[in-house]
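Here's a quick briefing to read with the structure open beside you. Start with the overall fold, then follow the strands and turns one by one.

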Amino acid sequence: MRTRRLDLLPLRVEHAEEMATVLSDPGLHTFIGGTPDTPQELRARYRRLAAGSPDPAIAWHNWVIRLRDEACLTGTVQATLSTSGHETIAEIAWVVGTSWQGRRIATEAAQALVAWLGARHVPTVHAHIHPAHLTSAAVAAACGLTPTDERYDGEVRWCRSIGQ
């Protein structure tokens, strides 16, 4: 995928080294918990993601975000597609490294992801956002998602029906 400033490149194991640096700020884990992965841990995770979901009813789609002007990786976007009844649902997420925040990179990448899902006729998109994470809430809103009353692990489920 390509936007005005970004290339969304399919995630590869080879991205782990650079992404470990991009995602190294412990502050990125304020709302999601945990600690930054080492390059080795990230390589192992990327290897699992690149192999695809072991459940044939679930599809994983993962991209790294490359800022073209600076020729560097800045974060990731992802979509997990599953079927509920006769409908495909996408669970999306994004993260942008601290050094690139405040530049609307997450918004631009997430909007491209939602457009990509729409082009594939995925009617429902969800994101789960910590209620205090106002920046991620703004990204979700910019993508046309709205908060629901549903909670999952303390996070608010945001939803968009693309067909509406």
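This is a predicted model: local features need pLDDT of at least 70, side-chain atom pairs count only at pLDDT 80 or more; totals for chains, interfaces and linings use all residues.

The protein has 4 helices and 7 strands, and along the sequence they follow the pattern β-α-α-β-β-β-α-β-α-β-β.

**Overall size and packing**
- For 164 residues, a compact globule would have a radius of gyration near 15 Å, and the protein agrees because its own value is 15 Å.
- The C-alpha trace spans about 40 × 35 × 35 Å along its principal axes.
- Buried residues account for 40% of the 164 residues.
- Take the contacts between residues at least 6 apart in sequence: 61% of them join residues at least 24 apart.
- The accessible surface comes to about 9,000 Å², with 51% of that belonging to carbon and sulfur atoms.

**The sheet**
- The 7 strands make an open sheet with mixed pairing, and the order to trace is E1-E2-E3-E4-E5-E7-E6.
- At the edges sit strand E1 (6-10) and strand E6 (146-152), each of which pairs on one side only.
- From one strand to the next, the twist averages 30°.

- Strand E2 (residues 58-67) and strand E3 (residues 72-84) run antiparallel and are joined by 10 bridges.
- To find your place in that pair, look for Val 64, which stands opposite Thr 76 in E3.
- The E2–E3 hairpin has 4 residues between its strands, and Ala 71 in the turn has a positive phi of about 50°.
- E3 is also joined by 10 bridges to strand E4 (residues 87-96), again running antiparallel.
- Here the bridge partner of Gly 75 is Val 96 in E4.
- The hairpin of E3 and E4 has 2 residues between the strands, and Gly 85 in the turn has a positive phi of about 70°.

**E5 and E7**
- Strand E5 (residues 124-129) pairs with strand E7 (residues 155-161) in the antiparallel sense, over 6 bridges.

**Helix H2**
- Helix H2 (residues 39-51) has 13 residues, so at 1.5 Å a residue it should span 18 Å; its end C-alpha atoms are 18 Å apart, which agrees.

How values were computed. Residues are numbered from 1 along each chain as its sequence is written. Side-chain values use heavy atoms; hydrogens and water are left out. Two strands pair if DSSP finds at least two bridges between them. Axes are lines fitted to C-alpha atoms, for helices over the stretch in contact, and angles run from 0 to 180 degrees between N-to-C directions. The radius of gyration is taken over C-alpha atoms; the globule rule is 2.2 Å times the number of residues to the power 0.38. Buried means under 20% relative accessible area, exposed over 50%, partly exposed in between (1.4 Å probe, protein chains only). Contact means heavy atoms within 4.5 Å. Accessible areas come from the Shrake-Rupley method with a 1.4 Å probe; for residues, only the protein chains shown count as cover. The expected span of a helix is 1.5 Å times one less than its number of residues.
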